[in-house]
Amino acid sequence: MQSEPIKLEAQLVFPDLEDGLVEKISTKVTVGSEIGELIIEDESLSPRHCTFINNNKTICLMDHSSIAGTFINKKRLEPGRTFILGENDKILIGKLSVRVEFIETPSLEALTEAEDAVSKDDPSEVELKAAT
């Protein structure tokens, strides 16, 4: 059985931050100034500001009653409700812009299959393994 050679991973990109912070969203990422998986020191963020949720490549966003607010396309989110993000949505948490990007990465199964194929096709690789 062949696996998909490429899988999509979601990540958050913060272009406003000087180091261009990027954070992978496996299942969820809570962003805040004090609480969460991603702590960002910014005066516009509440201690527990919002959460990004990755539900089978559908990214959702929920505000946690933040003071400065969480916005999608300039519309303030109602706290406690989950909103599905669209492909080109403009996201603002406090005063920070955030982009959701999907990047292609080889799946673990595809990497293993590729390594196996190299070993079978390259006799020197097999000899090298046998000699060690």
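A residue counts as buried when its relative accessible area is under 20%, as exposed when it is over 50%, and as partly exposed in between (1.4 Å probe, protein chains only). The structure is a predicted model, in which local features need pLDDT of at least 70, side-chain atom pairs count only at pLDDT 80 or more, and totals for chains, interfaces and linings use all residues. Residues are numbered from 1 along each chain as its sequence is written, and side-chain values use heavy atoms, with hydrogens and water left out.

The chain has 132 residues, and 35% of them are buried.

| Residue | Relative accessible area |
|---|---|
| Cys50 | 0% |
| Cys60 | 10% |

The structure contains zero disulfides (cysteine sulfur pairs within 2.5 Å).

Eleven strands and two helices make up the secondary structure; these are DSSP runs numbered from the N terminus, with helices being H or I of at least four residues and strands E of at least two. From the N terminus, the order is β-β-β-β-β-β-β-β-β-β-β-α-α.

Accessible area, by the Shrake-Rupley method with a 1.4 Å probe, totals about 8,800 Å² for the chain, and carbon and sulfur atoms account for 52% of it. Of the contacts (heavy atoms within 4.5 Å) between residues at least 6 apart in sequence, 43% link residues at least 24 apart.

Mean pLDDT, the predictor's confidence per residue from 0 to 100, is 83 for the chain, with 76% of residues scoring at least 70. Strand E7 (residues 70–72) has the highest confidence, at 98, and helix H2 (residues 123–131) the lowest, at a mean of 48. Residues 125–132 have pLDDT below 50, and this stretch makes three contacts beyond near neighbours in sequence. Where pLDDT is low, predicted coordinates should not be read in detail.
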